[in-house]
Structure formats: C-alpha cells, structure tokens
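Have the sequence and the 3D view open as you read.

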Amino acid sequence: MSPAGPAWPRLRVLQTLWALLVVLLAPWRLWAIKNTQECTWQVVLNNFETVGKKDASDRFVDQEPLYTVDKVFSQLVDAPIDPDETYLGFPYYLKINYSCKGELFNLIPRYFVNVPSRPLWYTVDQAPVFILGGIPEEKAILLTDTNFKDFFLVELSIDSCWVGSFYCPQTSFTATIYDAIATESTLFIRQNQLIYYFTGTYTTLHESNRGSGRWVRVLANECIKKLCPVHFHSNGSEYVMALTTGKHEGYVHFGTITDGRVSFELLPRQRSVCNGILVVNCSITWAVFIAGDYNLLLLVEIEDPSTRKYFQVVSYDLVSDYLVVLYTIPEFIPDARGLEFLMVLGTESYTNFPMVPKGMSYNPYNNLLFIWGNFLLQSYNSKNFIYLADFPKELSIKYLVNSFYGDTAIVTETEEIWYLLEGSYQVYKLFPSKGWEVHVSLQVMQQSSLYAPNETMVTLFYEDHRLYQLVYLIDNQQGRLVKRLVPVEQLLMYQQISNDYLLERQGSHLTLSFTNFCPFTVMRLRDLPNPQIYTRQERYRAQPPRVLEPGGFHSDNSLAVYQGLVYYLLWLHSKYDKPYADPVHDPTWRWWKNKKQDQDYYFYLASNWRSAGSVHVDMASYEKIYDLKAENELPERIFLDKGTSYRFSVFLTAREPEPLHGPSFQLQSKVGLAVVLADPECIEAVVKEKVLVNRNSVLFWVTLSDKRFCFDQGISGHHLMKTSMLLKVVGSSGHCFQNTNQGPRMQGNLMVPVLIGCPPGKRLAFDITYTLEYNRLQNKHYFDCVHVDPEMPCFLFRDIFYPFFLIQDLVTGDSGSFQGSYVLKVVGGGPTLDTIKEYSEEDIYRFNSPLDKTGSLIWTTRNTTTTEDSAFNILSHNSLGIEWLCMENSPCHDTIPHSIFASEFFFKVLVSNRGVDKSTYCDYQLTFQLRIHGLPLSARRAFLILMVSASLFVGLVILYVISCLLSPYVVKVCNVLCWKINNIIAWESYIYSVASDTGAFSNTSGIKSGESSGGISRVVSKVAGENRTDTKETLRKKPIS
C-alpha cells in the first residue's frame, strides 16, 4: 500500500482499470455539520446495485471488463464515436462520499490493552495492504487495504510446529505473530523461530474459509530470531532478511521476491560473519540492505573471551563476498557537556552508561544511517557518526518510523514518541509533553471522538508525509480501534509557546510576550517550472457526458456511456506504446481524428437537444493534460536525466528589518539559505542571491543539476539512483511554521527526493512520417507495395534506406528527433508476418557485423563509425543511409515471390543506443518490423529462370517456323479430308433417300421390281466408276513440288 493513497487499488489503476463513477452524497448538507466532528472523504468500491447505499463497500475478485455498455453505444448514431469499436465497461464503481463518522470497530480488549506497540513494516509505495501482528497468544494479524481506515482481523491457519532443540535456543512457545512484513506480491510473518509467507491473492486474504490457509513455511530447518524489512524495491525485486540463531549464528538469510516467487540465499557465502571479522563468538542484531551499493550493513554484537561485549557495524558486499568493519560503537555513551550533538572521534569523554545498540535505520535518499538503542547515532557515510545528545540516555528506543522525506519519529520502550527533523540535531519529545496536554485538552473541549482517558497505541506510521497513530480507545467501557493524526507542527508550536514566553510589567499590570525564534517572517517559492517534466506523472481529463434531459440527472445509460468512454481512454493509453509513431503525439488523436471536422455539427445537435440517446459526448472533454502549472511548492520528487537541471527561487523576508543605509551583509547574516546534497559527487547546486534592501528581503536563485557521470544507462523508469536535496534556512528547524487551510505546516526545511537516471514515460519510436518523406526526397521516388498496409508502409530494396526516430515524452507531450547515436541490428525476419523467426546471437552477429566473412550480411552502410570492438556500425540521424545486401548466406537471400508481384521480406529490427550514446541516461531499445519489397533473386536462380525462359522462347519460335512451312500441306490435306467427308455424308444421304423411294413400290411385280433393282444397281455402279475416273485424273494433273 502506498502511504500516499487512501486505498490499495489506487496503485493498480493502469493494471486493473478501476471504475470512475463519482457519487457525491448530499454536498448541500455540509454546511450543517458541526466542527466538532471528524469529517473526511471516504473512497470505496461498489457494485452498481449498492451505489448510494450507506456504508456499502464491496471487494472484487473478477477483474474482467464487461460488455454490457456496448449495446448502449450502438444507440448513439449521431455521436463522435467509432461504431466499429467494441466499448467495454468496468465490473465495479468508485464511490466517493463525504463522511463525518470515523470507522470504529469493537474488538476484544485483551488484544490491545496494555499491549506494547509494534512497528508497521512494508515496501514503500508498493505494498497494496498493511499487516500488523503482535496480538497476544493469537495466530492472527490485522489486515488493511485502506491505511487502517478499516481492517480485518485474520486468523492464520499455520502449523506452528515446535522446532526447539539444542541448536534453537528458545525456552518458551507462543502463538503470537511477532514480525510482519507486507510487500507488493506477498506477506511475511514470524512466529517463534518459523517464517511463513502468503501464496494467495490479496482479494481473498480476508476470507477466513480459504484466505488464511495459503501460508507456506520457508526455511523450515532454520532458527530465525528476527525479520528485518527492506523498505524499497530495486532491480525489479523486493527483499526481506531473516536473522538466524543457533547452528547458523552469524549468517543472514537474504530473501528475494521477484514476480511473486520467493527465494532465500545464505550470506555470507564462504564463511560466517564471525570468521570474516576474526572473532570467535558474534551475533547479528540487525541488518540493512543498501540497494544502490548492493551491500549489507550488519549490526554485530561481539563477545570476546574476557566476557566484554561490544558492537561493530560490518559491511558485506554481495557481489564480491567481501566483509569489512566500518565502525566500532563506543562501549559507553559520550558526555556531551550540554551540547546538542557531538562528533564521535574517540577522544571525547564518556559517561558510565553503557551503549546498548538495538537496531539500525537507513534512508536511501539522503544516505542517513541511524544506530539506535538507549542512544541515537547518525551518519551520512556509515563511518563518521554524530551523537544526538537531546535524546535521554535513560530511555531505550523500540523502533524508528521514517517518512523518507526528512522526518523521523521515535518510539521508546515506554511508548514515548519523539521527533527528529533530518538535517538538524534537535530531538523533540511529542508524547507525553506539555504540548500534548494542551492539544488533548482542546480536543476534549471540542468533543472529539478520537481521544479517550484510557488508550493504548498499537502502531505509528507515516502517510502522505503526515504522522498517524493507530490507537485502541476505551470509553464508557467500550473499546474501539481508531486512526488519528499526530499533529507534530501543533505540538511543537505549543511547546515553543509554553517554554519561550516573558512576563513584563507595564504600569500596574503584567504583559505576556512570546519570543519567536524563526529568522524570517515570509518564505515563498517562486519561478517554479511546470511540474510534470520532473514528477513524471501522466494526467488525463475525462469529464462525464452531458445529459440532455430536463432534470439533468444521469441515468443508467449515461453512466454506461461514461464508463465505456473512460475504459476506451485507458485502453488508448495502454495501446499507445507502439513502435510506429503517430503523426500527432497524443494517445487520444486516433479517437477523434476522423470526427474533428464534424465537431460543430455535434454541438448543434446537442444545443437543440437532438443528440441520440439524450447524451452529448464532447470530444474536448477527453484529452491528455500536458500543461499542468506549479502550485508554489516543490514537487514530491524530481527526476533528472543526464545533464538536466531544476531551477527555482526562494524569497525570504527577515524578521528584524535592517537600516536601509546599512551594509547588505547585515541582512544576509540574519537570513541564510543552505542546500545540502546527499551525493555531491553526482549532483550540484548553485545558489545565487539578490539582496532586496528596501524590502528587508533576500531572493535566492537555486539551480540543481546532474553532473553527467554518476549513472549508467537504464530502461525508462527503472534502476534509478536515489539521492536528495535538502533546502534549509539556517536556524529555522523546529521554529518556523506557516498557517494553512490544513493546519500549521513546518517551514524552513524542505527535502526533495531526486531520482537520477532515465525518467519514466520516455520512449524511442520509429518516425515513419518523416522517414517516408525524406526517403522520397533522397531517392527521387517512392514505390509502396501492391497490397498497401497503412500501418506498415513498404520500402524498395534497391533504394537507400534512411531511418529516423523520435524521442517521445508521454508526460509532457514533447516529441522531437532523436539526435543521439544508435546501433541497428536485424534480429529476426521472414517472408511473411506469420513466418518471422528470431535469430540467435551468432546469427545476429553474422547478419549485421561489418567484420563478417561468411557472406551473410543483410545490410551495410557507408558510415565508418563502429563500436569499440568494431562489431557493429554506429548510426545517427546524420548517417548516410542503409544499403540492403541480402548476401548469399543471409536469410533474405533468394526470396521466392508468392505471386506475379515482386518478393517481400519482413525484417525485425532492433535499435538501441546502449553504450554508444553519451547524451542521455536512457537505454532506448526499440523493436519494430520493416517491410521491404522488390528483393532480387539469386544469380543461380536468375540464370536458371533465364535459361528456362530462353528455352521456352526458342521453342515457341521454332514451332512457329515449322508451322509456317507446313501450313500449305496441312491446308490441302485438310481440304481433301473435308471433301471426302462431305462426299461420304452426301452418299449416305442419297442411299437413304433411294431406299425410302423403293419402299413406296413394294407391291409391284417381281419382274418389274427386278428390273428396277437392276437398273438402280447399274446406275450406282456407273456413278462410282465416274468418281474413280475423276480422282485419277485429278491426281495425274497435280504437279510435283
């Protein structure tokens, strides 16, 4: 759970696409609410059926989108939407309600009354839930996904096996869950010497029938005495550390959580810490993981043969497996002699109070390490320590709570609360104190429900840079668990007023006056740049559609339309990360690009209440915000790329005005501004001042810049280096406050985390628009493929190919030509999109390296710049272009066309600036598909096709000549053949007709019939003879050719 958010689903907005139905209940009644009540905005998830119901809150397991809204969009025939798209909706709704009743829960008093508080451990900005153990003799934890606005008491179904033996020195068994750590993907708990982690999903964890049984025991054969948290994720993983006792005393089990998979490694790898620092007996009390250096800081207790105990800070490098002692903690507490702090050098005097270290705390932003126990030591380099003398040596610290933004709260064994502003050396007591008594008295007068005479603190934690308590109250014999704010600024103000006042007699009465130790009266931040380029937060505007009904109230249909539009907007956001850049750098451009010209028409319909479905969708209401303005305060964090800077000014007015004729240094001596950098070797700050004597003020210009050499290249938003800038007005710590509408706010100390590396939201894209234009200009022509694909234009093989790329900033909307150097490699390919295959590393080298001697090159260039090993060519926007080769042993060689058109080939191209571009920290990697047509055939295949074609042509010519020579004979033979066929047909017709006439005289005498028959025979014989004679004469007269 991010401490900055009210509920854990907010962190997963882009992954699970939560609902956006806003229901503001009865805002008109807010004026009647009494100031004595605690009123807050409540945000919960609901099914549609429970929207509007009081105290309704649902949890969801099914996160699939719904198709129910698509039928509503089909009715919007006159709306600027694409009718061919399928619009989806969310399976749940977000209800926002203004509530003036806190979430109170009845719990068994023995769970909390007089039970010691315990720390709340979680991965900052990552964990979706918080868990808290420490319930006496119960295998149960408190679970919350709303930062303890509400919670569940979950009983755990764990085996609780007793592993006590001669190597597990534990004398008693308890069911209490002691250590509990929440990460993004799993949970860890410790009971006795056993560790368990959760293997289910957070949505079912609160369900007793199945959620509590998904706990798995890990390190079953080990004796674990303590879990140590790692508050920040790094390198794509989260971490946890388990300290051992017994047989593996002096080792640390280092746990890594990656994508929900948990693994442990025993460290050190070669030998124990005791052996590494050359001692016989030692025990690891605490461990801190520093991800930036990839090493562990170990607080080691050492017992030498003389029974003298002492402690050392030991550093272990996880890469080199090297141990080194950084610091030996003094045996006794130094004697500060009235000073607020003391630099521990070993030459100072000491008291008789022994130093008893109990733990360590590390802030990766400012490299500040605390060692705590019955004392408080701090160091910025883990070697030179400062003793903070304001913390009394009679007390013992139980745990520290760090906001990681410059504030640290301290909880002692007696449940006292102390406060330290990082960068200063003063430690303030918040509870119990005079300021706390004043605050509680005022709250009781206002009848606040968050305070009671009998209360027990459960835990202390930071949320949105503000300190909160989880407290169990008993009032009127009723117990309840509440979350309440610890007003640090008000308590410090009350203490300052109660301690620094003066009674002066003026005449007959006393006058009360207070001393204000703040060195300035006005502090303003000016000239702040637009924050988005530094905070890297993407923002969209999505207003609900206009309802064209007399009442103006939304209906189910209008809400469904709103859901579909928001869902489609988020879908466009996720789809926008594609290799080919759009002509307009905006995810919403494709949504309205074909409807913008009709915007006036849609407005006309809405103005006359003629829009279909009684809903008007305004295209201008769905857009990405690029011009967010600064609000006169420093951003929550600053991302710096290579050589970039952040510039602003600070205006300070001194409390006591100086004479106008006095020198300017007198004013400067009253108001001084210091800029403290956590890593001055990586970033630098330049401060310029201008004294405004006539206004008794000073204007400071502050420029924070990256030094360009402290970070290697990395993927956008990953593996960033954590550092910070502390802006401090000298003498203001704990003394300067500003009244705001949210109460007093501390002034004079501003810490801003700085993240060095490739900022999130920057990407490399193929500039297809300019590439086509420039290639057409250089090659004097452009030929696209026969089958045109608008999303993937073709390029001709024989043309020189000039690629161009864009650097697109998804946060600010900036899009400019990539001016750096890059390496281009063909990493895959195929004759069709479906047959593209990935190439091996060996093949990639052969196909792309100018050093290849196997005749496998796919392309070449006239550029002579190569990588350091000369393995690949280095290109830039000024390169001379790419010439396609497709040599004999390359995969695109001799590509056979699948139709009568020229052959095509699809290349999978990787473009990377890794190791060759010195202008940015960003490791840009772009993979896209390139469509090339007009590939030539191989010489062998071309010669074969030529021979076959020539043979066919020659054969056709010979056949033609032969046909021309033989055609007269063929014609004559055909004529004779036709004549004979005609005669035969005529003769058969004649016989048939004579036979028909003979049948007509069948009753005549035989003699006559005989004569007739004889006569016919003679006639036939005569005709046949004449025909033979004519044939012979014809053949005799034919000339011999």
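Lys358 and Glu413 form a salt bridge (a side-chain nitrogen of Lys or Arg within 4 Å of a carboxyl oxygen of Asp or Glu), with their closest N and O atoms 2.3 Å apart. This pair links distant parts of the chain, 55 residues apart: Lys358 sits in the loop between β21 (350-354) and β22 (359-363), and Glu413 in the loop between β27 (407-412) and β28 (417-421). Strands here are DSSP runs (E, at least two residues) and helices are too (H or I, at least four), numbered from the N terminus.

This is a predicted model, in which local features need pLDDT of at least 70 and side-chain atom pairs count only at pLDDT 80 or more, while totals for chains, interfaces and linings use all residues. Residues are numbered from 1 along each chain as its sequence is written, and side-chain values use heavy atoms, leaving out hydrogens and water.

**Accessibility of the first pair**
- Lys358 is partly exposed at 24% relative accessibility (buried is under 20%, exposed over 50%, partly exposed in between; 1.4 Å probe, protein chains only).
- Glu413 is also partly exposed, at 41%.

- Asp577 and Arg763 meet in a salt bridge at 3.5 Å, N to O.
- Asp577 lies in the loop between α8 (556-575) and α9 (589-592), and Arg763 in strand β49 (residues 762-766), 186 residues apart.
- Asp577 is exposed at 57%, whereas Arg763 is buried at 8%.

**Wider picture**
- Salt bridges link Lys578, Asp582, Arg590 and Glu791 in a network.
- The count comes to 30 salt bridges.
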